[in-house]
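Please look over the model before reading on.

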Amino acid sequence: MRILFVGDVHGKPGRRILRDRLAKLRQAHDLALVIVNGENSAGGAGINSEVARELFAAGADAITGGNHTWQLREAYELLDSDPRILRPLNYPPGAPGRGATVVTGRTGPPVGLINLQGRVFMRELDDPFRAARAECERLRERAPVIVIDMHAEATSEKIALGWYLDGHCSAVIGTHTHVQTADERVLPQGTAYITDVGMTGPRDGGFEVASGPAQLNAVVVDVDESTGRARSITRVREFEETNAD
Ligand code: FE2
């Protein structure tokens with residue numbers, strides 16, 4: 001089965017290119033499941049129900065989060081009510097929402113999905129490494145295919161997590177830095193890995209939501225659905241020629 005993971009959707013330009021390109025990508029890559037990191041999807045920081053609805057309407061099957069998930073108070077209720085929307089697993093017990101779930105796309109078997117947040121140059125949270133291994137064991141009973149979004153700042157922490165989880169899950173996809181890295185590979189025990197998938201939003205701008213043409217950064221992971229082992233991981237980059245607004 002082929003799974004598309006779309007990097008951090010940033011504000012309106014990110015939602016626009018997702019809406020315009022996702023159906024074509026689904027067809028071109030014969031995608032069974034689409035996962036979108038949406039922690040910056042509302043105005044460049046946070047997520048709310050209206051924006052989540054937009055991402056699902058564009059073709060997302062599940063939405064992951066990160067440190068900005070909590071930006072808008074409205075998100076708390078959203079996380080508690082919609083099991084397709086995750087926040088990082090390693091927040092303290094009692095935090096709203098969930099950090100892992102099982103999702104089913106339009107085709108293909110159920111897929112385990114885990115969202116983690118790093119601790120290097122970020123907030124002090126629970127250990128993402130141990131939390132991820134334990135959750136992989138739990139999810140494996142329901143779904144041999146497991147995808148992990150590692151939302152983290154430091155390349156070293158992401159690479160270490162990839163090695164630590166090699167053979168325990170189908171893919172470890174890095175998010176948060178917004179810059180796509182060219183280190184995608186399948187690790188020896190069958191876990192697909194990339195340090196950062198990149199961002200989906202304004203091409204010509206920084207922290208604030210910029211106007212102008214948008215880009216979409218993603219990876220396609222091909223997984224043997226009976227074993228959960230990845231066969232390949234391929235980077236995807238799409239660009240708008242001009243501002244579509
Ligand atoms: Fe982030």
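- Tyr-76 is partly exposed, because its relative accessibility is 26% (the class between buried, under 20% relative accessible area, and exposed, over 50%, with a 1.4 Å probe and protein chains only).
- Trp-70 is buried at a relative accessible area of 16%.
- Tyr-91 also counts as buried, with 13% relative accessibility.

**Basis**
- The model is predicted: local features need pLDDT of at least 70 and side-chain atom pairs pLDDT 80 or more, while totals for chains, interfaces and linings use all residues.
- Residues are numbered from 1 along each chain as its sequence is written, and side-chain values use heavy atoms, leaving out hydrogens and water.

**Aromatic pairs**
- The whole structure holds three aromatic pairs (Phe, Tyr or six-membered Trp rings with centres within 6.5 Å; planes under 30 degrees apart are stacked, over 60 edge-to-face, the rest tilted).
- Trp-70 and Tyr-76 pair edge-to-face, at 6.0 Å between centres and 80 degrees between planes.
- Trp-70 and Tyr-91 form a tilted pair, because their planes meet at 55 degrees, with centres 4.9 Å apart.
- Trp-70 is in the loop between β3 (62-64) and α3 (74-81), and Tyr-91 in the loop between α3 and β4 (100-103), so this pair ties together parts 21 residues apart in sequence (DSSP runs numbered from the N terminus: helices H or I, at least four residues; strands E, at least two).
- Ring pairs join Trp-70, Tyr-76 and Tyr-91 in a cluster.

**Charges over rings**
- The charged end of Arg-133 sits over the Tyr-164 ring, 3.8 Å from its centre (the cut-offs are Lys NZ or Arg CZ within 6 Å of the ring centre and within 35 degrees of the ring normal).
- Arg-203 lies over the face of Phe-239, 4.2 Å from the ring centre.
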